[in-house]
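Dear colleague,

I am passing on a structure that you have not worked with before, and my notes on it follow below. Please look through it first and then read on.

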Amino acid sequence: MAIKSLSALFMVFALLFQPGCATVSDAESVRGTGEARVYPRSKELVWDVVMDVLGTTSLKIVAEDRDKGVIKAKRGVTGFSYGERVTIFVDAIGDGTETRVELVNKRVVESNTDAADWATIIFNRLDRVLS
């Protein structure tokens, strides 16, 4: 009986903690669902600043494509969260003198209200540098 219970418990944890897709191509499904800001800077400059800002966080970059303007990052389990997955889109707009940054933050477990608010954290840091 104990073995069946442990097996069931293991299956529940395996489903909860299965890794999400980490390719740039699957990122398109969440485009348009996140928080966005526009900065009066070139895409190249904004991309570099976004990468610098991510380096100051506990997020790990798992995929990036500068040409497509997509960055995927994640943070694993912490004392306060079961982890988060973050997708960032960096797109030039207009004549290229402005850049739109969109950040989609997904919790590994949606009911986890203690997960980090990466949109606020990252946009606050971007605002200090780019505004």
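**The sheet and what packs on it**

In this model, which is a predicted one, five strands form an open sheet in the order β1-β5-β4-β3-β2, and their pairing is antiparallel. The edge strands, each of which pairs on one side only, are β1 (35-39) and β2 (60-65), and from one strand to the next the twist averages 15°. Within the sheet, β3 and β4 are joined in the antiparallel sense over six bridges, and K72 has T87 in β4 as its bridge partner.

Two helices pack on this sheet. One of them, α2, touches β1, β2, β3, β4 and β5, and its direction makes about 160° with that of β4; the other, α3, touches β1, β3, β4 and β5, and its direction makes about 5° with that of β1.

The largest nonpolar core has 23 residues, of which V50, I88, L103, I122 and L126 touch the most other members. Two or more residues are given to this core by each of α2 (43-55), β3 (70-75), β4 (84-93), β5 (98-107) and α3 (118-130), with the largest share, seven residues, coming from α2.

Which residues does V50 contact, once its neighbours within four places in sequence are left aside? They are I71, I88, V90 and L126, and of these I88 and L126 are also listed among the core residues that touch the most other members.

With best wishes

Methods: Residues numbered from 1 in each chain as written. Predicted model: local features only at pLDDT ≥ 70, side-chain atom pairs only at ≥ 80, totals over all residues. Heavy atoms only, no water. Core = buried A, V, L, I, M, F, W, Y, C linked by side-chain atoms within 4.5 Å. Buried < 20%, exposed > 50% of the residue type's maximum accessible area, 1.4 Å probe, protein only. Helix = DSSP H or I, 4+ residues; strand = E, 2+ residues; numbered from the N terminus. Contact = heavy atoms within 4.5 Å. Pairing = 2+ DSSP bridges. Axes fitted to C-alpha atoms, helices over the stretch in contact; angles between N-to-C directions.
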